[in-house]
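This report describes how selected parts of one protein model are arranged. Please look at the sequence and the structure before reading on.

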Amino acid sequence: MLSVAQSCRHTPCAARPSFANQSSTAHRVRLLLGVVLALAVPRGLHAAPPKLPAAAPEDVGMNSQVLAAIDGEVEQEIAANRLPGAVVMIGRGGRIAFFKAYGQRQVAPEKVPMTTDTVFDMASVTKPVATATSIMLLVEQDKLRISDCVVQHIPEFAQNGKEQITVRQLLIHQSGLIADNSLADYADGPERAIERVLALRPQNEPGTKFNYSDMNFVVLGELVKRLSGKSVHEFSHDQVFTPLGMTETGYLPAEELRSRAAPTEQRDGHWMRGEVHDPRAFKLGGVAGHAGLFSTAADLAVYAQMLLERGAYGGVRIMKPSTVDLMTHGEAVSSGVRTLGWDMRTRFSLNKGATMSAAAYGHGGFTGTGLWIDPQLDLFVIFLSNRVHPNGKGLVNPLIGRIGTIAANAILNRPE
């Protein structure tokens, strides 16, 4: 485990291959070709890859009879009105071993069955998938270091004693910022709202206490914009989702995707369907670092597999292996372990499978979503629901954890 960075010392970026010292042009060409083939084709130079193929559980080393227990777990919770429906997907070995839809996508004003291609408001799963991934790519592009003080890139963030807060502290939620600011801070439009976020006073001494905070990722979303010239919506779309063929993933979904989105609750007399549920992200125009992403199970499987393959999928490289390692390596916080954007072992890990390995990382979303990835078991578990529909009273985190446990227990000849 790495210790929490308390200062703004620079650390060297990941080394890039250099061929400057090779004496033979032909040798350089052969070496370069070998590196390209080994690391996969960079973004933009390859057709978007297909979705993951399906396979029988036994073909990927999983017990189908063990996985069958998922049906009863989900159906029991639907019957108890803890969620209207769900989509569950489990992948291993680059293939989909389990993929089912349960219950209803919508129960009011009329019932609509859940389907496997339902689009979901990912809520806080936005944090790692869109925002943290974008931050890691900016690190690769030498525009940022994780150890940088935020004020090096956003000078006005220095207000009220925040001069020493680092990018790392934002990513692991040890910046000292409050969990959420007042909704009144958003009353004068997105630009003024961001100004007020940047002016917040820390609640705790930076670097001393883990406090899960949407504000950390609102600031990180602004950092993406300052360094790339694009919103986190545009940057993640261009650099991650489009190259991977994740055409059903992004902010502000188009009409075709909204039409099959799972509704959440009502806002101003209409059902939120394809409209972000989080009130602060909504006030920011639907695009924020902490919430606003929409996706489907099939698309998220591609993203998860990309991480399991340490940055590449289907011949397209999104991140270097060293960048994935940096992003997903456990970091000690005051009350558990986080990674640079992901949960590992904290009080928020109720949705983690109890028998997943110590290397597993994941995240949940307020609307009823969860994604856990276990590189040691070569496993990912995707759970998507709109548990807040219709009245905001659902509960799914214990269920997600039980499904993760079943998935881990289903692995045959499990590696130690």
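## Helices α6 and α7

Helix α6 crosses α7 in a left-handed manner; a crossing is called left-handed if the near helix is turned anticlockwise from the far one by less than a right angle, and right-handed if clockwise. The model is predicted, so local features need pLDDT of at least 70 and side-chain atom pairs count only at pLDDT 80 or more, while totals for chains, interfaces and linings use all residues. Residues are numbered from 1 along each chain as its sequence is written, and side-chain values use heavy atoms, with hydrogens and water left out. Helices (H or I, at least four residues) and strands (E, at least two) are DSSP runs, numbered from the N terminus.

Two packed helices are described by the angle between their axes and the distance between the axes. For α6 (residues 190-198) and α7, the angle is about 115° and the axes are 10 Å apart. Here axes are lines fitted to C-alpha atoms, for helices over the stretch in contact, and angles run from 0 to 180 degrees between N-to-C directions. On the α6 side, Ile194, Val197 and Leu198 meet Met215, Val218, Val219, Glu222 and Arg226 of α7, where contact means heavy atoms within 4.5 Å. This contact comprises 6 nonpolar, no polar and 2 charged residues. Ala, Val, Leu, Ile, Met, Phe, Trp, Tyr, Cys and Pro count as nonpolar, Asp, Glu, Lys and Arg as charged, and the others, Gly among them, as polar.

## Helix α4 and its partners

Helix α7 (residues 214-228) also packs with α4: their axes come within 10 Å and cross at roughly 40°. The two helices are therefore oblique to each other; angles under 35 degrees count as roughly parallel, over 145 as roughly antiparallel, 65 to 115 as roughly perpendicular and the rest as oblique. The crossing of α4 and α7 is left-handed. From α4, Lys127, Thr131, Ala132, Ser134, Ile135 and Leu138 take part, and they meet Asp214, Phe217, Leu220, Gly221, Leu223, Val224, Leu227 and Ser228 in α7. By class, 8 residues of this contact are nonpolar, 4 polar and 2 charged.

A further partner of α4 (residues 126-140) is α12 (residues 321-328), with an angle of about 130° and axes 10 Å apart. Helix α4 is therefore oblique to α12. Their crossing is right-handed. Pro128, Ala132, Thr133, Met136 and Glu140 of α4 meet Thr323, Leu326 and Met327 of α12. The classes in this contact are 5 nonpolar, 2 polar and 1 charged.

## The largest pocket

The largest pocket has a volume of about 580 Å³. Its lining has 30 residues, and those nearest the centre are Ser124, Tyr212, Gly364, Gly365 and Phe366. Two or more lining residues are given by each of α10 (279-283) and β14 (361-365). The largest share, 4 residues, comes from β14. By class, the lining holds 9 nonpolar, 12 polar and 9 charged residues.

On a 1 Å grid over the protein atoms alone, a pocket is an open set of points where a 1.4 Å probe fits, with protein on both sides within 12 Å along at least five of seven lines, and lining residues have an atom within 4 Å of a point. Grid points are joined across faces, edges and corners, and a volume is the space filled by probe spheres set on the points.

## Backbone features in loops

The peptide bond from Ala108 to Pro109 is cis, with omega near 5°, and Pro109 lies in the loop between β3 (95-106) and β4 (112-113). The bond from His389 to Pro390 is cis, with omega near 5°; Pro390 is in the loop between β16 (379-385) and α13 (397-409).

Asn81, a residue other than glycine, has a positive phi, near 60°. Asn81 belongs to the loop between α3 (69-79) and β2 (85-92).
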